[in-house]
Amino acid sequence: MKTIFDTLTLPAFRERPGLYIGSRNLQTLETWMQGYMSACEDADEPCRLETPNGLPIALLRDYIALQEKDRSVGGIAYILSNAANGQNEAAWARFFTHLDDFMRLEIVGVRRLQVTDGMKQFAASQSGHFEIADGKEVPRVFKMKTLTKRLLSNGLCWVTVVETDQEERIFKEPWRYSILPGREADEAIMNWFGTAEWEAVR
């Protein structure tokens, strides 16, 4: 089954990306990637958006931002253009370097955290974010059931959340990035929920 990474790692794509996406422009690449992601989501085929090691392409932008120490909200094209001082070929080279590093990441462990009512109340009191549900004021995070932290081979991790009647999704609430060093993730969760007692799943 062909994935987005199969295309991005083709030698021919690296040599002449314009033949595949229309122009040798990182903004065009970003638009093409977004279209590919939307098509796979609409077709309910998220596996076409994962590396062979199971990392979703949704993490790639934040991974690049983290490596480039870019704290903006800009996309891949913006981040790499700034890092390469506006030089297009240098920006493309950086993209493929980061892509290769991202492709090598492996999931080496999984941890799970049950979100208790006390944790939800703590988070709401810290942020002041409440909402009305069934006529009652409840913490904005009241739907959260569990958090899952996937540990990566280079010390990074990403956290996902499962909510009532919803699928698992990437959890970015306490952070600017969706992928970050494990210690920072634990500190963020502690600050957000008041605890970070992860249970080892594997």
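## The model at a glance

Please keep in mind that this is a predicted model, in which local features need pLDDT of at least 70 and side-chain atom pairs count only at pLDDT 80 or more, while totals for chains, interfaces and linings use all residues. Residues are numbered from 1 along each chain as its sequence is written, and side-chain values use heavy atoms, with hydrogens and water left out.

The protein chain has 9 helices and 8 strands; these are DSSP runs numbered from the N terminus (helices H or I, at least four residues; strands E, at least two). Its C-alpha atoms fill a box of roughly 55 × 35 × 35 Å along the principal axes. Of the 202 residues, 44% are buried, where buried means under 20% relative accessible area with a 1.4 Å probe, protein chains only.

## Two nonpolar cores

A nonpolar core here is a set of buried Ala, Val, Leu, Ile, Met, Phe, Trp, Tyr and Cys residues joined through side-chain atoms within 4.5 Å. The largest one has 40 residues, and L8, L29, I57, L60 and F95 have the most contacts inside it. Several elements each supply at least two of its residues, among them α1 (4–8), α4 (26–42), α7 (88–104) and β5 (156–163). The largest share, 7 residues, comes from α7.

A second, separate core has 20 residues, including A123, L180, W192 and F193.

## Strand β5 and its partners

Now turn to β5, where 7 of the 8 residues are buried. Strands are said to pair if DSSP finds at least two bridges between them. With β4 (residues 144–152), β5 pairs in the antiparallel sense over 7 bridges, and K149 stands opposite V159 in β5. β4 and β5 form a hairpin with 3 residues between them, and G155 in its turn has a positive phi of about 90°.

β5 also runs antiparallel to β7 (residues 179–181), joined by 3 bridges; here W158 has I179 as its bridge partner.

How values were computed. Buried means under 20% relative accessible area, exposed over 50%, partly exposed in between (1.4 Å probe, protein chains only).
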